[in-house]
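Reader: I am new to this structure and would like to go through it by question and answer. Please show it to me before we start.

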Amino acid sequence: MASTNATMVDAPTPSITATPRAGQIINHEGKEYTTIKEGLAHILVPHGVPTSTDPKMSKEDTQRQQVFYNPIQQFNRDLSVLAIKTFGQDIIQRKTQKHELHRKKGEKKKQRKQERAADGEAVNGASTTEEPPTKKRKLDESEADNDAAPSKKQRVVEDGDAEQEEGANEQQDAASTTNQERESWRPPFSILDALSATGLRALRYAQEIPFATEITANDMSQKAVDSIGLNVKHNKLEDKITPKTGNAISYMYSYCDKKGYDVIDLDPYGTAAPFLDAAIQAINHEGLLCVTCTDSAIFASHGYLEKTYSQYGGLPLKGEPCHEGGLRLLLHAIASSAARYGMAIEPLLSLSIDYYIRVFVRVRRSPSDVKLLAGKTMIVYHCDSGCGAWSTQFLARNKVTSNKNGDKSYKHSFAAGPSADEHCQHCGFKTHLAGPMYGGPLHNVGFIERVLAQLNEADRDTYPTHDRIEGMLHTAMDEITLGVRQEKANGANNIQLLDPLIPKVDPADVDHHPFFFIPSSISKVLHCSAPPLAPLRGALRHAGFKVSMSHCKPGSIKTNASWKDIWHIMLEWVRQRAPLKNQPKKLSAGLTILAKTNANGLMTNGNAPQTDKLPKPPPNGESIDAGEAAVEPSLTYSYLGADFHVNLDEKLGRDPERGKLVRYQLAPRENWGPMSRAR
Ligand SMILES: C[S@@+](CC[C@H](N)C(=O)[O-])C[C@H]1O[C@@H](n2cnc3c(N)ncnc32)[C@H](O)[C@@H]1O
Ligand SMILES: [Zn+2]
């Protein structure tokens with residue numbers, strides 16, 4: 001990475017028109033600025049404000065610097081450039097194909113017209129180049145429609161008309177491209193950096209996504225827009241970037257009746273919730289919303305659950321999977337806003353990173369997909385004060401049927417009443433409700449593969465967060481496939497960038513196995529020593545379950561095994577490898593779980609989950625494990641009917657990419673965190 005330290009400069013100090021260079025001091029209207037380079041963009045920071053990314057920088061200096069430039073967010077910006085570029089190539093390819101198709105149609109039409117005219121001349125000896133009136137009118141209408149983007153009102157069409165409307169819009173789009181048959185035709189690709197601050201994102205998108213045709217950098221603060229203007233000028237990007245002063249919310253609502261942007265980036269201080277509905281107004285059909293939220297105290301904490309609900313329309317999940325819960329709450333908020341206007345969302349990539357979350361969501365006008373939303377929205381019954389187990393329930397049911405032609409369609413019906421008891425079936429503690437939240441897949445594997453391919457082509461100096469992006473994307477991909485597509489994932493770099501388009505995930509898909517557990521935490525429930533990841537993963541795989549890790553947390557296990565299976569394996573871990581030295585306290589969640597087995601002396605029978613009916617714990621100091629016999633991996637008991645053989649197979653549980661990928665962030669530097677608001 002280029003040094004961002006100010007360097008000695010020759011007099012006279014270069015002006016804003018000088019070629020941008022990292023560390024250079026620029027004089028503009030009597031003020032001095034230092035240049036910081038990130039990616040291919042340069043931003044000017046008032047000279048004197050520390051520009052070092054030295055981890056030992058003082059807290060005050062870090063805060064002063066962050067008003068202009070927050071280096072910790074470079075990961076977010078690097079990833080965003082790559083994601084938008086990947087998405088953009090897909091859009092550009094579609095637009096170009098449509099354009100080409102329409103151009104060819106137009107040419108054929110012209111040719112036919114000429115042929116008819118020639119025939120007419122030959123027969124009548126007179127010119128009859130005029131079209132039949134009906135055809136002419138049709139052509140005129142489509143030409144007239146070229147600039148009239150479909151309004152949101154038009155978008156909310158009757159369900160039966162949805163597909164027809166899709167087709168009509170495609171033609172409309174194609175028609176709009178036909179008219180521009182000049183050689184210089186470029187497919188339009190527009191980006192709104194709605195909360196732009198210094199304009200750094202807009203500058204990077206302009207420099208690093210060469211096919212972006214127009215970028216708006218908006219901020220409510222005049223000071224911020226002044227600095228955007230300065231930076232745009234210094235980077236010589238006036239022809240691509242338009243700085244704009246205004247409230248992003250009203251600006252985006254102004255697009256409710258006209259065509260908007262292909263990409264909208266929302267990167268606020270704190271929550272993006274107040275911007276979501278407006279962003280839906282301004283995003284194009286098949287557009288990309290990129291959303292950051294840094295208010296983890298709201299989306300991933302139970303401290304202010306009433307606030308979480310008012311911001312995101314759902315209640316937070318407590319404990320370790322709370323960040324995945326936050327991602328799902330944000331997606332729920334976007335999906336429910338979009339649904340009101342007949343727009344459906346498809347998460348392409350949803351990440352919990354450091355102290356914030358970031359989602360990339362494709363939005364399309366599709367009333368038929370919107371109808372699936374209730375059946376993809378779930379509540380969570382969480383044993384948050386007991387053993388940590390959870391179960392989920394979708395709010396409605398989407399049942400697939402097919403019509404006479406074999407086309408897939410869905411029937412929507414009510415779900416049955418609560419699918420879980422008010423007490424946890426494992427430990428008897430109370431369960432609490434979380435959600436409603438998005439229960440569909442968090443990522444689109446095809447998209448991740450293409451971003452990885454994009455990353456593979458990227459210059460490491462421009463993208464210093466390369467390794468972390470690679471590790472996180474691989475983990476995200478494993479997470480959604482539960483590790484099954486490992487081979488394909490490794491082959492991701494072989495993808496040809498312009499090959500197939502980003503595939504559409506089945507809009508009815510749900511995630512049947514959301515969330516993850518941390519072995520060391522559930523060991524605390526049983527008061528046993530924590531198993532390493534490998535034997536636990538091995539035991540799950542040996543029993544035929546799928547296993548991966550979650551990108552949200554190191555040391556996590558994500559699996560399609562049920563909690564019944566997980567506790568069964570954990571009890572076998574205790575029996576085979578980790579005999580209990582101290583028995584769990586009376587009435588604890590762990591004791592109840594232990595009590596539900598008939599394990600060869602592990603505990604006497606106690607099938608009833610009520611804690612007041614617990615069997616007496618063994619006398620003080622006595623181990624409640626099976627003693628010597630415990631080392632045998634033979635099955636001697638069953639836990640709630642999960643009676644498979646547990647083989648704590650380390651080899652089977654190893655991560656083949658261990659050490660090859662940077663899956664998780666190493667120790668963060670001091671003073672990291674969201675930017676402080678400018679005072
Ligand atoms: C976290 S900063 C953006 C950082 C920037 N995206 C980057 O990557 O460097 C948030 C910006 O949003 C602006 N802002 C806050 N509320 C706004 C609103 N309602 N409309 C427009 N801008 C707003 C603030 O002035 C601030 O500059
Ligand atoms: Zn429980």
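Reader: Which residue stands opposite I36 in strand 3?
Author: The model is predicted, so local features need pLDDT of at least 70, side-chain atom pairs count only at pLDDT 80 or more, and totals for chains, interfaces and linings use all residues. Residues are numbered from 1 along each chain as its sequence is written, while chains are lettered from A and ligands numbered from 1 in the order in which they are written. Strands (E, at least two residues) and helices (H or I, at least four) are DSSP runs numbered from the N terminus, and two strands pair if DSSP finds at least two bridges between them. Strand 2 and strand 3 pair in the antiparallel sense over six bridges, and the residue opposite I36 is I43.

Reader: Which residue in the hairpin of strand 1 and strand 2 takes a positive phi?
Author: Strand 1 (residues 25-28) and strand 2 (residues 31-38) pair in the antiparallel sense over four bridges. The hairpin has two residues between the strands, and the one with a positive phi near 50° is E29.

Reader: How many residues of helix 19 are buried?
Author: Helix 19 (residues 563-576) should span 20 Å at 1.5 Å a residue, and its end C-alpha atoms are 19 Å apart, which agrees; the expected span is 1.5 Å times one less than the number of residues. A residue is buried if 20 or more other C-beta atoms, placed from the backbone, lie within 10 Å of its own. Helix 19 is mostly covered, and of its 14 residues the buried ones number 13.

Reader: Which elements give two or more residues to the shell around ligand 1?
Author: The shell holds 20 residues, with L195, A197, M220, A248 and D267 the closest; a residue is near if its C-beta atom, placed from the backbone, lies within 6 Å. The elements are helix 6 (200-208), strand 5 (214-219) and helix 8 (248-253).

How values were computed
A residue is buried if 20 or more other C-beta atoms lie within 10 Å of its own, exposed if 12 or fewer, and partly exposed in between; C-beta atoms are placed from the backbone.
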